[in-house]
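This report looks at how parts of a predicted model are arranged. Please have the sequence and the structure at hand while reading.

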Amino acid sequence: MATDTTTVASPRDVPPGGAPAGRRPALRRDGRFAGIFLAPSLVGLALFTMFPTAMALGISLFDWPVFGERKFLGWDNYSHLLNDPVFRRVVLNTALFVVLYVPLNVVVSLGLAVWLGPAIKGRQAFRVLFFIPVMTPMVANVMVWRLLFQPDGLLDSGMQSWFGIDAPNFLGSSNWAMPAIVAMSVWQGFGYNFLVFSAALDQVPQSQLDSASIDGAGPLQRFRYITWPMITPSIFFATTMTLITSFQVFAQPFILTQGGPGVSTQTIVMYVYNQGWQFLTMGLASAAGWVLFVIIMGITAIQFIGQKRWVHYDV
Amino acid sequence: MTSDTGTVARKVRSGVSHTLLIIVAIVFLGPLLYAVATSLKPADEVFTPTPHLFGSELRWQNYADAFTFAPFGRYFLNSLFVAIAGTAVVVAASSLSAYAFARLRFRGREQLFVLFLGTLMVPQEVLIVPMYWLMQSLGWVDSYWALILPWAFTAFGTFLLRQFFLTIPAELEEAARVDGCGPFGTFFRIMLPLARPALAVLTVFTFISFWGSFLWPLIIINSVEDKGTVPLGLAQFIGQQGTQWNLMMAASVLAMLPTVLLVILLQKHLVRGLLVTGLGGR
């Protein structure tokens, strides 16, 4: 569905009778209208995205309390972050979340999408079903899981009555809190990738799979040599998007564990929030936000460079 | 004979496959079913030694009680207002700029479009600190303005609608222009009606993201009782001792309901929209 911006522009309307000289005035007139059409978005994006992006970098160079005097610090906030054991832990926590969440999400969504191939009846129902938690408010989803994970909650009482053992205190144990957050997040988020993958799988021509079958290729071989190359662009898209969003994880740990026990599940965005709106040190919060931005840009760049090795756009 | 055993094997396999699928669906739906079940239990039956789906009665009263326990009526109205106003701004601004990028020729169009797309890379978390400062400067802290406007200008909508506009045959528009229709006429009378599927997708996705938004309202709204949205209201429950889980589940279920309905109502549209607009990755 890639669209080339340069080739699809419509031919211009040429004023009747003025064919040779008609092009430039039309262009100029278009330009004037374009200004009107673009103005709301342009002003909005400039004021609420472009300017704040630069401003974030500016604020990060200051000691910037919410109220009171500001002081220029240079890069001190960044060196403070590097030496702050809490921030280091927070980066590691976020990395751990990403490393656990992204592969699980992709494996679950791709596995289910392949399993629920075009042949299965009621596939549309599954697409809608799995998509529901993607769209419902995150806070509501997390609340439900908090109840599940609660001591004496469904998981605990279920394990007690069916297996006679106490469930671990999922949210209160530093071993279990992060896996619990990951499990909840996979449940909530895989429906989007499921939809992406099952749409991609629909595009794989059945005739090719059939003829490979006749030639004696087993299901694994068919997947490896026919299906996989054709869906790599979707897998690239899905993993990139999932990576980016997983670095921004906030509501799940914020509501499930408040970052605890200790700081064992605090994430980068929680750190930004705490620095900014609990300790009121905006400069440090902004610096942490920029560190997150740089990490995300770096990962995305690596993804884009790496895609040449395994993504096939013309199969 | 071999073909007979083949069909039997295939039937068994598809039967097993279907059974497994139903199990997957039930496990997946489990948390949601449990939420609904809990929302209908009396308070003292939420935690029982053995799990029960139903309590001693189906207590529909919980749904009414949730609204008196916390000002959820207010939260829902606030959320509805903010989501509708925000969506209106997003759809209006994005469709206008999308049309300019898709159909009008002007100098620097490609560069400007790349700049638009570039803004998609900036995560909200980078923007919240300067945005808070900006709101302070504008005197918008703890206001509806702050809930609606800062995130209502997103290049996502522009991109989505531009991709759709490009698929509309240029001949339609040319015909209108020959008939004396200016850019505004073609935009409102030709392009917008044709783009209804894409507009529906954008509207629904935008509404849902406003409806569920949490981090920004958490930061910018101080008077939760007055200007709080539904997610803020729900989050108020955490940390309270003796949380009223049955009431909270009732409120959570109500918060989910509009989005669930939208997803079900527009299911064909959403899938097609995702594909049409290239979000499917191909």
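The sections below cover a helix pair, a chain contact and a domain assignment.

## Basis of the model

The model is predicted: local features need pLDDT of at least 70, side-chain atom pairs count only at pLDDT 80 or more, and totals for chains, interfaces and linings use all residues. Residues are numbered from 1 along each chain as its sequence is written, while chains are lettered from A and ligands numbered from 1 in the order in which they are written.

## Two helices of chain B

Helices here are DSSP runs of H or I with at least four residues, numbered from the N terminus. In chain B, the axes of H3 (residues 72-103) and H10 (residues 196-212) come within 8 Å and cross at roughly 140°. Because of this angle, H3(B) is oblique to H10(B) (under 35 degrees is roughly parallel, over 145 roughly antiparallel, 65 to 115 roughly perpendicular, and the rest oblique).

Residues are in contact if their C-beta atoms, placed from the backbone, lie within 7 Å. H3(B) contributes residues including Gly86(B) and Val90(B), and H10(B) contributes residues including Thr203(B) and Phe207(B). The contact residues of the pair divide into nine nonpolar, seven polar and no charged (Ala, Val, Leu, Ile, Met, Phe, Trp, Tyr, Cys and Pro are nonpolar, Asp, Glu, Lys and Arg charged, the others, Gly among them, polar).

## Chain B against chain A

The contact takes 80 residues from chain B and 80 residues from chain A. On the chain B side, helix H14 (residues 245-265) gives the most, with ten residues. That side has 56 nonpolar, 15 polar and nine charged residues.

## Domains of chain A

Chain A is assigned domain 1 (23-59) and domain 2 (76-310), with bounds from an automatic or database domain assignment. Taken over C-alpha atoms, the centres of these two domains of chain A are separated by 35 Å.

Technical notes. Axes are lines fitted to C-alpha atoms, for helices over the stretch in contact, and angles run from 0 to 180 degrees between N-to-C directions. Two residues are in contact if their C-beta atoms, placed from the backbone, lie within 7 Å.
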